Amino acid sequence: MNLRPMILVSAAVISLMLLVSTWAYVTLPADAQVPIHWGVDGQPDDFADKPLGLLLLPGIALLVTLLLAVIPRVEPRRANLERSSKAYGATWIGVMLLLGGLHLLAVAVTMGATLDVTRILMGGTGILFAVIGNYLPKVRPNYLMGIRTPWTLTSDLAWDRTHRMGGRLFVAAGPILLGAAIVGLPGAWMAGLLIGLVVVMPVALFAYSYAVWRDDPDRRTT
């Protein structure tokens, strides 16, 4: 798999994050507190000292990049992961952009900007869900990416149908989350909506994968 484009995007995002952190570090007072967590009302409710707060998300982005760069080397079904390279790359870039956006929001709030972070993140998550849903049906069977249940891993039919169904669910969830952010639902409602989708969709796909596996004459039992 050609990881160079994704690594370049990661490098660009992390470099931008570090540039913003450097600017904020020399601009903010020594006792500045950087938000690292927000409540459902969109207001920060946990803080870190300036050095940790400004380096936390760039550090996480670097670790995510290293992890995603290593996964293709340890995947037993490497050929199938190679066939899923578009989905892998889209997910990688989407996660990096989300981390970069969150870092910019944290710095902006530290600098005094008044932002509804919950609403912004909900919209960004909705877009990411839609992107993942678009690529999910293209993921081929592997052990490290996709909807991995005991049944999708032992039935190609269950894998294909479950990922097609998962793609539809994620694509549907994306506009719902984005719409909730645009309309400006109360933070608690948006958080409840996101939690509900995150809980319901995996349960539905778990059950669906079993139902398809059960009716697949070519399923494997080991």
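Predicted model: local features only at pLDDT ≥ 70, side-chain atom pairs only at ≥ 80, totals over all residues.
View 1. Of its 13 lining residues, Thr118, Leu121, Met122, Thr125 and Leu194 are the closest to the centre. Strand 1 (33-38), helix 4, helix 5 and helix 7 each give two or more residues to this lining, and helix 5 gives the most, with four.

**View 2. The largest pocket holds about 620 Å³ of space.** Here 27 residues make up the lining, and Thr91, Ile132, Leu136, Gly146 and Phe170 are the closest to the centre. The lining comes out as 23 nonpolar, three polar and one charged.

**View 3. Tyr88 and Trp92 form one of five aromatic pairs in the whole structure.** Their ring planes sit at 85 degrees, over the 60 degree cut-off, so this pair is edge-to-face. Both residues belong to helix 4, about one turn apart. Tyr88 is buried at 5% relative accessible area, and Trp92 is buried too, at 1%.

**View 4. Trp151 and Tyr210 make another edge-to-face pair, 5.1 Å centre to centre.** Trp151 comes from the loop between helix 5 and helix 6 (156-183) and Tyr210 from helix 7, so the pair ties together parts 59 residues apart in sequence. Trp151 is buried, while Tyr210 is partly exposed. Together with Phe206 and Trp213, they form one aromatic cluster.

**View 5. Arg219 lies over the face of Trp213.** The distance to the ring centre is 4.9 Å.

Note on methods: Residues numbered from 1 in each chain as written. Heavy atoms only, no water. 1 Å grid on protein atoms, 1.4 Å probe; cavity = no way out; pocket = protein on both sides within 12 Å on 5 of 7 lines; lining within 4 Å. Points joined across faces, edges and corners; volume = space filled by probe spheres on them. Nonpolar A, V, L, I, M, F, W, Y, C, P; charged D, E, K, R; others polar. Phe/Tyr/Trp six-rings, centres within 6.5 Å; stacked < 30°, edge-to-face > 60°. Buried < 20%, exposed > 50% of the residue type's maximum accessible area, 1.4 Å probe, protein only. Lys NZ or Arg CZ within 6 Å of the ring centre and 35° of its normal.
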